[in-house]
Amino acid sequence: MKTKKISTEIFLWTFLVWTLSFLCYLPMLLDKNGVHIPKAAYSLKYLFVVMPLAVSVLFALKQKCLKDFCSGLFAEKIKFRSIFICVILGCTGLLFSYIYAIVSDKTDLFLYSYPSAAAVAVNCSYLFVTAFAEEVAWRGFLLNKIISANRKKTAFIYVGFVWAVWHIPMWAVRNSLEFNEIIIYFIYTVIISFILGMIFYAYKNIFTVSLAHMLINTCYIAPVKYNIVLLGCILILLIFFFRKRIGAFGK
């Protein structure tokens, strides 16, 4: 596939995902601004996380490559090394959060987020499902498409930016975050995208990167402004660790 065709396809995919995802939060946005909206319209917000997946499947069907798309999600078998890296990633976040809770005298930080073992199990199950839906689209489809055009560096940067922008309606409308908070979350999300992208590119298994995504969402519960520093350090370590396998972002 030619680079021009790849670019057109990627930009169209991005436009559709951004537009359809924003529409999922439009009823809530209108309601916040005094416009009467039927209660049923609020259900659209639950489709937000699956919109990128739906668009990816539609593109694969249109191009008659759904089988290749699905097989590419599990190009390699799950390796113990990849699971070990995910566990270390999760434990690092928990340790950092635990230290933060002690230093800041917020010992109830964990109990507030996860009051029981059942709450942890339910939360992890939910977050894994949503992470899987996101990863199939963002890493499994978008990252793979750009990398297939031999544009590794562009792929990691583009996906990080687009994925972060995609989150803005959720942050601004559902969570009512201020502008400065959105900026912090934006940087946080771009860093996470690089980390998840490297894990997926290194191990080429959507289960592995979904597990990493879930663990980041579950274990990095200390304030985001502190975790940005931690995630930045992890990103540097992963670049060093995977530098040969991913070509050190050579293209």
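Leaving aside its neighbours within four places in sequence, which residues is histidine 167 in contact with? The close-ups below start there. This is a predicted model, where local features need pLDDT of at least 70, side-chain atom pairs count only at pLDDT 80 or more, and totals for chains, interfaces and linings use all residues. Residues are numbered from 1 along each chain as its sequence is written, and side-chain values use heavy atoms, with hydrogens and water left out.

**View 1. Histidine 167 sits in helix H7.** Beyond those sequence neighbours, histidine 167 is in contact with Phe48, Glu134 and Thr189 (contact means heavy atoms within 4.5 Å). Histidine 167 counts as buried because its relative accessibility is 8% (buried is under 20% relative accessible area, exposed over 50%, partly exposed in between, with a 1.4 Å probe and protein chains only). A polar atom of its side chain lies 2.7 Å from the backbone oxygen of tryptophan 163.

**View 2. Helix H9 covers residues 206-219.** Helices are DSSP runs (H or I, at least four residues), numbered from the N terminus. H9 is largely enclosed by the rest of the structure, because 12 of its 14 residues are buried. Among the buried ones are Ile206, His213 and Cys219, and what covers the buried residues includes helix H3 (66-73) and helix H6 (117-147). Asparagine 205 caps the N-terminal end of H9, with a side-chain oxygen 2.9 Å from the backbone nitrogen of phenylalanine 207.

**View 3. Isoleucine 99 lies in helix H4 (residues 80-103).** Isoleucine 99 counts as partly exposed because its relative accessibility is 45%.

Conventions
Helix = DSSP H or I, 4+ residues; strand = E, 2+ residues; numbered from the N terminus. Expected span 1.5 Å × (residues − 1). Polar contact = N/O pair within 3.5 Å; in protein donor to acceptor, adjacent residues only side chain to side chain.
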